[in-house]
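Open the model in your viewer and keep the selection panel handy.

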Amino acid sequence: MRKTSPPEGTPPEGDTNMTARAALERAVQPKPSPSGPKPRKLPIRTCVACRTERPKRDLVRIVRTAEGEVKLDATGRASGRGAYLCPNVECLKTAVKRKALHRALGTEPPPECLAALEVEMAAFKPSLESSGPAQTD
Ligand SMILES: [Zn+2]
């Protein structure tokens, strides 16, 4: 019987180290803790018009209510199917034109709701969390 000797230059410790490290890595793998502290990452949503990913609070939520109304959800907590848009009229228009809003909400937004949305969107001021004093002219 011929034995294949390990090639020189490969110290056996190297192999042991690798195995130990692999075992360690396996043991140290992070586990999702359902009751852990709050996740530090902000929830990210995608604008249905331009597909930009932004923190949820930087986007405007459009909600379809149980009554079939489509409206701007300023609280972000209204119940119903929602779609996220950048807080600008351009994205709203794009979403309508591409039927992205249509798809995201699973309904065709009524024209009168879209008109109202446009007005609300134009007036919408994202709640900027800058701590500086309000600027005055
Ligand atoms: Zn957008």
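Predicted model: local features only at pLDDT ≥ 70, side-chain atom pairs only at ≥ 80, totals over all residues.

**Stop one: two helices.** Select helix H2, residues 89–97, and helix H4, residues 111–123. They pack at an angle of about 155°, with their axes 9 Å apart. H2 and H4 are therefore roughly antiparallel to each other. Their crossing is right-handed.

Now show the side chains at the contact. H2 brings Val 89, Leu 92 and Val 96. H4 brings Leu 114, Leu 117, Glu 118, Met 121 and Ala 122. By class, this contact of H2 with H4 has 7 nonpolar residues, 1 charged and no polar.

**Stop two: the core.** Next, go to the largest nonpolar core, which has 20 residues. Select Cys 47, Val 48, Ile 62 and Leu 85: these have the most contacts inside the core. Then colour the elements that each supply at least two core residues: strands S3 (60–64), S4 (70–73) and S5 (81–85), along with H2, H3 (100–105) and H4.

**Stop three: Cys 47.** Centre on Cys 47 and skip its neighbours within four places in sequence. What is Cys 47 in contact with? The partners are Thr 52, Arg 54, Leu 59, Tyr 84, Leu 85, Cys 86 and Cys 91.

**Last stop: the whole chain.** Zoom out. The protein has 4 helices and 5 strands, in the order α-β-β-β-β-β-α-α-α along the sequence. Of its 137 residues, 18% count as buried. Among contacts between residues at least 6 apart in sequence, 56% join residues at least 24 apart.

Note on methods:
Residues numbered from 1 in each chain as written. Axes fitted to C-alpha atoms, helices over the stretch in contact; angles between N-to-C directions. Parallel < 35°, antiparallel > 145°, perpendicular 65-115°, else oblique. Left-handed = near helix turned anticlockwise from the far one by under 90°. Contact = placed C-beta atoms within 7 Å. Nonpolar A, V, L, I, M, F, W, Y, C, P; charged D, E, K, R; others polar. Core = buried A, V, L, I, M, F, W, Y, C linked by C-beta atoms within 7 Å. Buried ≥ 20, exposed ≤ 12 C-beta atoms within 10 Å, placed from the backbone.
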